[in-house]
Amino acid sequence: MRITPAPAVLGAALLLGLTACGGSDSDEGTPGSGGAGAIKVEASDTDCKVARTEAPAGTVEFAVTNKGSQVNEFYVYAKDGRVVGEVENITPGLTRSFKVELTEPGTYETACKPGMKGEGIRADFTVTGSSSATGAAGSDEKLAAAVAAYEKYVAHEADELLENTEAFTAAVKAGDVARAKSLYAKARGPWEEIEPVAESFGDLDPKIDGREDVVEEGMAFTGYHRLEKDLWKDGLQKDSGAVADQLLADVEQVVAKAKAVELNPLQLANGSKALLDEMATGKVTGEEERYSHTDLYDFAANFEGSKQAVAALRPALQERDPELLKAIDARFADLDAELDRHRTGDGFVAYTQLSDAQVKQLTVTLDAVSEQVAKVAGVVAA
Amino acid sequence: MTGAHASQPSVSEAAAPVQHTGLSRRGLLGVGAGAALTGAVAGVAGTYAAKRADASPSPAAAHDPSAPVAFHGEHQAGITTPAQDRLHFVALDVTTDDREQLVTTLKAWTRAAERMTAGAEAAPGGVDGGGPYGVPQDTGEAYDLPASGLTLTIGFGPSLFDGRFGLADRRPEGFEDLPGFRGDDLDPARCGGDIAIQACANDPQVAVHAIRNLVRIGFGTVSVRWSQLGFGRTSSTSTSQVTPRNMFGFKDGTNNLKAEDPESLAEHVWVQPDDVAGKAAWMAGGSYLVARRIRMHIEVWDRTNLQEQEQVIGRTKGGGAPLGQAREFDTVDLAKPGADGQPAIPETAHIRLASHANLKGIRLLRRGYNFTDGTDGVGHLDAGLFFIAFCRDAAQQFVPMQKALAGKDALNEYIEHNGSAVFACPPGVKPGGWWGQTLFS
């Protein structure tokens, strides 16, 4: 679930995406302009005749006629294999037209797919001239603003993490078990909110957040979960104070690094999904907090972090895929409502108080959120 | 009331040996059969847009396990189309109260089902056409596999008509959860459901792929209530198919209704327009699916001697002939005495109690599957029969049959029913139409 280094191709991909969704309604290539009109395609069971294999950059229209006996499809692929446009379910005898934005000059591929499957009958298609994309600058700004907003949020949470962990470790060192217990979940909250960033700094993650059965061989069991075990199961040990000191020192390092981190839009998108994945595999299962059973606090914190990443990307998503944003908002609201059922006081009930049916309901609602949020990266990078 | 097998015994018997070599081993299900695949594509093209090969599937389709089965038609596929070898059955709860959202999901499912039953990806470019940062819209495990006879059949449970979606007045009369039967040991986690999807295919990976992708499309609208995998058909639904064996090792479904007998299907399987006048008219051309998870006490059965086994079932174990007869398709004679003067087929034998002669003419189309869900934690096989039957009226057909069996069947000593559900499967989908269109329109 770590944030991975930005792929080298990201910049190019983003640029491509920006141009592709620039929304240019260039007249070039559209019917009636320049005498070009829709490019006729005759698809049969064995052939795919594209009347013209070249067009100027802009909106290109294809009119695909199925002269075969099988249901056909027509695709336009970018050089990297991405589907740029397609028209489905062309039954025998039918003609279907569709428009595709080919704003970047270069070589594309067309394909008919008789029977709807396989590689299809492919041919090169050339887009000439210069890029007809518009609006790229606007969208670029939106993404840059998203990154800036999210980095600010990470810095804020990092400060909270430090502050809350100071209070928690102080209580441990003072031997005040009740107070330490009451501060434990709150101390971890900011960590869980920015987990994809926080856990990306090498060995600090296992030292701070490692569980007893997860730490590597030869590595001491330290951090939040060691103190959790002391507080809820074993009682404070001789070295609990030292563990608390070490935890605070490690957190200080993480905070410094987190506040200096430079992110990119794709990392925000992947991070929003990674947090939901954490919830699905570690939190809703009750694995993370096996002694304190404060899993729902972590669940809520992960969820908040995911929502914040999407919030930062909101203007860009609104521009690129408003339907997806609508779907995400609706699913977020569903999960908020589900989570609210388990609030008590200013926190949450213990995981062990949840019935099987309630755990299933949380899981199912989370699945619905994740299925939508998983699409964000594709939209950001497309 | 005479079954296809009885009126045309010679046809059945002639067909059986041919089929036996054709489907005898699963090696036929291999992937790279290029010629077969091409044939399959051509086959689907002819029927995809227009119609499916209705009640009489072509012999060619029955013999090529990789070929597609047409999705569109008067009736849904997966009922009288030849029973495939593998099953993935899922029962779903609808989690939204939003009728429009449910309809949107039903439409999206239909598009994906049309594609997958033709052997295509769940969405265009679904496996790797979405670019490096997009999430693949098809999960990919069936990418290189042929259609494998995949059928996807949808049904709606009685609970869907509870008022959440304004369907209360469209519930067909008498369509309700099955009553309890003597000896039932039902687990609520294996019962009921608002919607069921039955995926049958000749390749398990194709069936699982289909359900996996449909469930994925449904996240936010439905959640899985229970599901069941099946690995060997326990009935033949066509005279072109050899009779398979159940986990007791006996031939099962010899006397089943067959696709080649349209009159019997109209009488026993398909809901007729007169059955559902008024607001339930959406169900005309549909059929009711009864599902029962029947756990077999395998180890106990295996320690039972041959004579007892044959007396319990009412057939010979090796050849499958009714007791007192010589061959599998010989007419069942319930009156014929055995050597001791008692009926050759005992009063408590399964095939006697389940026979239409004993049930005042009641018949069902059986389409069940063997299952094994590993072991049960105390070292016994968790195996049995996932019974699926289609009928024109569950309350008039399945219920009396099961009552008769639950009371007296000698088999009860070796089985227990621990899952139960009933679903109303609407009529077939026309090109451009969608699952449940007649119900929701």
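This report describes the chains, cores, helix pairs and some individual residues of a predicted model.

**Chain A and the cores**

Chain A is built with twelve helices and eleven strands, and buried residues account for 47% of its 382 residues. When contacts in chain A between residues at least 6 apart in sequence are considered, 72% of them join residues that are at least 24 apart.

The largest nonpolar core has 132 residues, and the members that touch the most other members are B:Ala207, B:Leu289 and B:Cys391. For B:Cys391, once its neighbours within four places in sequence are left aside, the contacts include B:His268, B:Val269, B:Ser287, B:Tyr288 and B:Val290, together with B:Leu364, B:Leu365, B:Gln397 and B:Phe398. Apart from this core lies another, of 69 residues, which includes A:Val284, A:Tyr297 and A:Phe348 as well as B:Tyr133.

**Where the chains meet**

The contact between the chains draws 28 residues from chain A and 26 residues from chain B. On the side of chain B that touches chain A, helix H3 (residues 34-48) of chain B gives the most, with six residues. That side of chain B is made up of 13 nonpolar, ten polar and three charged residues.

Two packed helices are described by the angle between their axes and the distance between the axes. The table sets out these values for two pairs.

| Helix pair | Axes come within | Crossing angle |
|---|---|---|
| H10 (residues 322-340) and H11 (residues 356-373) of chain A | 9 Å | roughly 160 degrees |
| H6 (residues 224-234) and H7 (residues 240-260) of chain A | 10 Å | roughly 150 degrees |

Angles over 145 degrees count as roughly antiparallel, and H6(A) and H7(A) are therefore roughly antiparallel to each other. The crossing of H6(A) and H7(A) is left-handed. Their contact is made by A:Tyr224, A:Arg226, A:Leu227 and A:Asp230 on the side of H6(A), and by A:Ser240, A:Val243, A:Ala244 and A:Leu247 on the side of H7(A). By class, these residues divide into five nonpolar, one polar and two charged.

H10(A) likewise passes H11(A) in a left-handed crossing. In H10(A), the residues that meet H11(A) include A:Leu324, A:Ala327, A:Ile328 and A:Phe332, while those they meet in H11(A) include A:Leu362, A:Leu366, A:Ala368 and A:Val369. The contact of H10(A) with H11(A) has ten nonpolar, three polar and three charged residues.

**Individual residues**

A:Val243, which lies in helix H7 of chain A, is buried because it has 22 other C-beta atoms within 10 Å. Not counting residues up to four places away in sequence, A:Val243 touches A:Thr222, A:Arg226 and A:Leu227. Although A:Val243 and A:Leu227 are 16 residues apart along the chain, their C-alpha atoms are separated by 7.6 Å.

Two residues other than glycine have a positive phi. A:His293, with phi near 55 degrees, is found in the loop between helix H8 (265-283) and helix H9 (295-320) of chain A. A:His293 is buried, since 20 other C-beta atoms lie within 10 Å. B:Lys360 has a positive phi of about 55 degrees and is found in the loop between helix H10 (350-353) and strand E7 (365-366) of chain B. With 8 C-beta neighbours inside 10 Å, B:Lys360 counts as exposed.

Terms used: Residues numbered from 1 in each chain as written. Chains lettered and ligands numbered in written order. Predicted model: local features only at pLDDT ≥ 70, side-chain atom pairs only at ≥ 80, totals over all residues. Helix = DSSP H or I, 4+ residues; strand = E, 2+ residues; numbered from the N terminus. Buried ≥ 20, exposed ≤ 12 C-beta atoms within 10 Å, placed from the backbone. Contact = placed C-beta atoms within 7 Å. Core = buried A, V, L, I, M, F, W, Y, C linked by C-beta atoms within 7 Å. Nonpolar A, V, L, I, M, F, W, Y, C, P; charged D, E, K, R; others polar. Axes fitted to C-alpha atoms, helices over the stretch in contact; angles between N-to-C directions. Left-handed = near helix turned anticlockwise from the far one by under 90°. Parallel < 35°, antiparallel > 145°, perpendicular 65-115°, else oblique.
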